[in-house]
Amino acid sequence: MQSVWEKIKSLDAALQPEGVQRAPLWKFLLWLGAFGAVLLWGAYAAFLCWYKGLNQTNMNDAYGFALWIWADLAVIALGGGAFFTGFLRYIAGKKPLANIINYAVLIGFICYSSALLILGIDVGQPLRGWFIFWHANVHSMLTEVAFCLSCYFAVLCIEYLPLVLENRQLDRVPFIHNLSHNFHETMAVFAATGAFLSFFHQGSLGGVSGVLYSRPFGIREGVFIWPWTFFLFTWSAAAYGPSFTLMLTKITEGITRKKLVSDQVVDLLAKISGWMILTYLIAKVADTVYWALVTAPEKGFAFMDFYNGEGTAYGLWILVLELIIGGLIPAVILVIPKLRQNKALLIVAVVLAVVGVSINRWVMILQMLAVPLYPFESWYQYFPSWQEVATTILPVAYGVLLISLSHRYLPVFPQERELNPA
Amino acid sequence: MIHKEEGNLPRYGMVIDLDKCTGCGACMVACQSENNVPFKENETNKLDSITWMRIFKVSNGEPFPGTEMVYLPRPCQHCEGQHPGHPPCTSVCPATATDYDHATGVVSQIYTRCFGCRYCMTACPYLVRYFNWWDPHFPADTEKYLSPDVSVRMRGVVEKCSFCFHRFQRAMDKAYYEGRKELEEMEYQTACTQACPAGAITFGDLNNPHHQVHKLKDSPRAFRLLEKLGTNPKVYYLSSKKWVRKACDNEMGKEHNKYRPKRK
């Protein structure tokens, strides 16, 4: 028994990158076990939804979209760090970001694969999921989402693959070593493709509510067929996504008790994220003002009709949370060098930014559906079932597991050795 | 009225006289029976029950003795949108599982193509689209009385009122057989229209001057539900009461919440 354990330990050590410290194997396995249990709980809930149907959820005919669609929109916005950091690194030439791009790609990979999984649970007839490609309606924003999401996920796989191939043992095989090298050489092409595809699927996710001309809370004016939310969603994903990358970097550093990315790199990405959030907010406020003063009144709604209902928790507080607490405050912290260089404030800023963009995705789906359109109906209520909650937590556990495995066995952070000399 | 006409093609629509409706529910039952609308084993939660035709009870919000009520039957509104064939629900469907028939103006649902994403339900402001959250259930012997003309829907797909389109198809088959291309007014009537004991529902071609609905839609009592949204529905309502017309569309301002049910 002792020798088997020793063998496993030596195998584990052989797979780890050279010159780095990792947690003892028993601790790592315990960690995997804990999150593996959460993953199994989520998988059981997903099985119930597939086997017994969506009656396992608390959705209803007024709330056809609910927690899952919010989770989809939120993880895709947060995973936007992958395409935008890739764009900055390979297209805009911000070379220092090479030290965080692997992690951004890994986070993007987790977010997008999670989104696809949740969509697979969310549809009533999962076995007919391919109809979206086969019977594609080119006028539907969801069709655009499906095509761009799938294509971009393929790009993310290609972007993640070289990192896997850099595993110490795999890299010893000459063919794999050369293949990985060649992937790196051509990565700019994939980064450009990823940025192009992301523009469309982030945008089309914004268009999902923006085109609903019979939903006064969601509808927006726009350019040609694209409502303003199309551009706002792309912009906000590019703005807030890097903040999520930074937040997870800081969490990973905290858990591993190591510095993984240099302050210079963090500062650069934080600054870019801050300016992007600030400019996004200007556009968002302009959009909100026009919608409140022109679009909604044309449909018979005053601005406060969306925030002042009897029997609903929705109020102006959610707008303040989204735009001020989750928008302006992180933007100001990230834009001003002195503030963002304060480690505690930086963490506050990136956490608030993540909250801000998640709230934006929440209101664009759930608050939109809560608003009663019949003047003789009450606000619609919804509280997710445990199956919905478990299947939404499932991707979090999956993400933790994939990050843990990648960090242990792959050179995710190129600066790790340099920042943590033995 | 902003009803737009697409040439001389038939535009089937409905006019419901709220001054006549007693809220008896015969239209709901007839619809349920005609279209094989399934039950659930437990019908207590009405938010996931399927009722293609639903009757709302609307109050004027005044305290006793000024309280007034109206019953408002609501089928699918078969919206036309701001240009023909652009109802809110069809363009959003990613799998082309719902369509606008330019020959009749009816908004259809293809159950075997729907994969249950529910985007159309999100788009519909009238909540006429229903998702099969449960397996269809027909209690006791009711399965033996299912209509052979209407397919039964499975769990996980969306369904909605079709203006009894199978009746249109049946009537057209007969007309073709007799060498005709057009239908007489009474040849195609929906189940709810025929079941209404008060004669509150009138159905026909809104574009045909010989059909009753053509005249009724221009009545000074006529209005449509949530007209400001720009859905351009083909279901018209008649009411002599001003408050009823007001309660059926959103008007910004203080009265916005007047007609909502009060929470106790």
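**Entry 1: chain A as a whole**

What percentage of the 422 residues in chain A is buried? I looked this up before anything else. Buried residues come to 50% of chain A. I note here that the model is predicted.

I then listed the secondary structure of chain A and found 15 helices and two strands. Along the principal axes, the C-alpha atoms of chain A fill a box of roughly 75 × 50 × 40 Å. I also looked up the radius of gyration. For 422 residues a compact globule would have a value near 22 Å, and chain A has 22 Å, so the two agree.

Next I took the contacts in chain A between residues at least 6 apart in sequence. Of these contacts, 79% join residues at least 24 apart.

**Entry 2: chain B as a whole**

The secondary structure of chain B comes to six helices and 10 strands. The radius of gyration of chain B is 18 Å, close to the 18 Å that the globule rule gives for 264 residues, so chain B is as compact as a globular protein of that length.

The C-alpha trace of chain B spans about 55 × 45 × 40 Å along its principal axes. Buried residues make up 45% of the 264 residues in chain B. For contacts in chain B with a separation of 6 or more, I found that 62% are between residues 24 or more positions apart.

**Entry 3: where the chains touch**

How many residues of chain A are in contact with chain B? I found 43 residues of chain A in contact with 46 residues of chain B. On the side of chain A that touches chain B, α6 (131-134) and α7 (141-165) of chain A each supply at least two residues. The helix that gives the most to this side is α7(A), with four residues.

I sorted the residues of this side of chain A by class. They divide into 20 nonpolar, 16 polar and seven charged.

**Entry 4: α5(A) against α7(A)**

Two packed helices are described by the angle between their axes and the distance between the axes. Helix α5 (residues 98-122) of chain A packs with α7(A) at an angle of about 140°, and their axes are 9 Å apart. Roughly antiparallel would need an angle over 145 degrees. The two helices α5(A) and α7(A) are therefore oblique to each other. I noted the crossing of α5(A) and α7(A) as left-handed.

I wrote down some of the residues that meet. On α5(A) they include V105(A), L106(A), F109(A), Y112(A) and L116(A). On α7(A) they include L149(A), Y152(A), F153(A), L156(A) and E159(A). By class, the contact of α5(A) with α7(A) has 12 nonpolar, three polar and one charged residues.

**Entry 5: α3(A) against α14(A)**

I turned to another helix pair in chain A. Helix α3 (residues 67-78) and helix α14 (residues 386-409) of chain A cross at roughly 15°, and their axes come within 10 Å. That makes α3(A) roughly parallel to α14(A). The crossing of α3(A) and α14(A) is right-handed.

Which residues of α14(A) does α3(A) meet? They are E388(A), T392(A) and P395(A), and on the α3(A) side I listed L67(A), W68(A), A71(A) and V75(A).

Most residues other than glycine have a negative phi, and most peptide bonds are trans. I looked up some exceptions.

The peptide bond from F64(B) to P65(B) is cis, with omega near 10°. I located P65(B) in the loop between β2 (54-59) and β3 (69-74) of chain B.

F224(A) is not a glycine, yet its phi is positive, at about 50°. F224(A) lies in the loop between β1 (222-223) and β2 (226-227) of chain A.

C164(B) also has a positive phi, near 45°, in a residue other than glycine. I found C164(B) in the loop between β7 (158-159) and α3 (165-177) of chain B.

Is F224(A) buried or exposed? It has 5 C-beta neighbours inside 10 Å, so F224(A) counts as exposed. With 28 C-beta neighbours inside 10 Å, C164(B) counts as buried.

How values were computed:
Residues numbered from 1 in each chain as written. Chains lettered and ligands numbered in written order. Predicted model: local features only at pLDDT ≥ 70, side-chain atom pairs only at ≥ 80, totals over all residues. Contact = placed C-beta atoms within 7 Å. Nonpolar A, V, L, I, M, F, W, Y, C, P; charged D, E, K, R; others polar. Axes fitted to C-alpha atoms, helices over the stretch in contact; angles between N-to-C directions. Parallel < 35°, antiparallel > 145°, perpendicular 65-115°, else oblique. Left-handed = near helix turned anticlockwise from the far one by under 90°. Rg over C-alpha atoms; globule rule 2.2 N^0.38 Å. Buried ≥ 20, exposed ≤ 12 C-beta atoms within 10 Å, placed from the backbone.
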